[in-house]
Amino acid sequence: MTAHQRPTPKAHDVDSIVGGRRMRRNRRTDWSRRMVRENTLTVDDLIWPLFLTEGTGIEQPVPSMPGVMRYSVDKIARQIEEAAELGIPAIALFPNTDPSLRDADGSEALNPENLICRACRAIKDTGLPIGIVTDVALDPYTSHGHDGLMKGETILNDETVAQLVAQALLQAEAGADVIAPSDMMDGRIGAIRAGLDAAGYRDVQIMSYAAKYASAFYGPFRDAVGTNATLVGDKRTYQMDPANSDEALHEVALDLEEGADMIMVKPGMPYLDIIRRVKDTFERPTFAYQVSGEYAMIMAAAGNGWLDGERAMMESLMAFKRAGADGVLTYFAPRAARKLKGLD
Ligand code: PBG
């Protein structure tokens, strides 16, 4: 007998296996699927990272992040209006500092007229009720692309912390609502909290990049802020080893003790296990950063017709909620918000 002549297999007696226990019953109809759904994604879960560049009238595409732009400060208000209209609660700012302003000490970080400070003021001037999250780290300002000050090949911890405190104060003065240190120096959360309090910024929140891994998935971000070209070596002496999980809990515990109001796990998708452990252990506001490389992967595959980009976007964002995240920093924020509001 050849294959196509085989008789159709006889229906198995599945009832004898499952008894009455049929999981598919709840999945039959849309209303039922909605009714038993365990997690929801809303616009309130989205934080939108935005890139800034010098000049005026500039909206410059980032080649490795299709759909993502760098905006000059005069163009930022329009983006904020869009975000506010969509109900996105907060945006996060990252500068592409002009190469001529980068030096070994990252001194541009302490210039009250730098891109971030000017953008904060421009956003506050819109009067729109949206949170401004600012990045505290020196990498967009240093000629070597590291998040801290260097001596030889060493990233100096304590000297860097002093500079980060000054940077955070400047940002708070410019109108930042949430200070988000992404540098991974030891002790910076406590030092920044003390600095903010002493200067009267008791209400400025801190979202700590508590468990930030030394990851390959930051590549496109480094294109966007212009540090790929300059980075000397790698960041493994301060960012976490991707092999570690218990260590993430230790990092989070310290940052919470030092005064972090919210904590973050970064990258996102490859680290959902860390988000779950952090949320279960500390029960505190926990955020995920769906980083540039995760965005680029989905966009590249979608661009090639290899997957349905919109579905992959929504599924990946829901996965963060399922893992326990209270919110997600994502370059998909405006697109996902439009989708969630039924506008697209
Ligand atoms: C640096 C910083 C990085 C990101 C946010 N802040 C990159 C790095 O550590 O080199 C990455 C964000 C992304 O990839 O989307 N302080």
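The structure is a predicted model, in which local features need pLDDT of at least 70 and side-chain atom pairs count only at pLDDT 80 or more, while totals for chains, interfaces and linings use all residues. Residues are numbered from 1 along each chain as its sequence is written.

Around the ligand stand Asp135, Ala137, Asp139, Asp147, Ser182, Asp183, Tyr218, Phe221, Arg222, Lys235, Val291 and Ser292; a residue is near a molecule if its C-beta atom, placed from the backbone, lies within 6 Å of it.

The UniProt annotation "binding site", from an unreviewed entry, covers Glu251; such annotations may be inferred rather than shown by experiment. Glu251 belongs to helix H8, residues 246-258; helices are DSSP runs (H or I, at least four residues) numbered from the N terminus. Glu251 is buried because 23 other C-beta atoms lie within 10 Å, the cut-off for buried being 20 or more. Leaving aside neighbours within four places in sequence, Glu251 is in contact (C-beta atoms, placed from the backbone, within 7 Å) with Ala210 and Ala211.

The axes (lines fitted to C-alpha atoms, for helices over the stretch in contact) of helix H3, residues 76-86, and helix H12, residues 333-340, come within 10 Å and cross at roughly 35°. Glu82, Ala83 and Leu86 of H3 meet Pro334, Ala337 and Arg338 of H12.

The table gives residue classes; Ala, Val, Leu, Ile, Met, Phe, Trp, Tyr, Cys and Pro count as nonpolar, Asp, Glu, Lys and Arg as charged, and the others, Gly among them, as polar.

| Group | Nonpolar | Polar | Charged |
|---|---|---|---|
| Shell around the ligand | 4 nonpolar residues | 2 polar residues | 6 charged residues |

How values were computed
Helix = DSSP H or I, 4+ residues; strand = E, 2+ residues; numbered from the N terminus. Buried ≥ 20, exposed ≤ 12 C-beta atoms within 10 Å, placed from the backbone. Contact = placed C-beta atoms within 7 Å. Axes fitted to C-alpha atoms, helices over the stretch in contact; angles between N-to-C directions.
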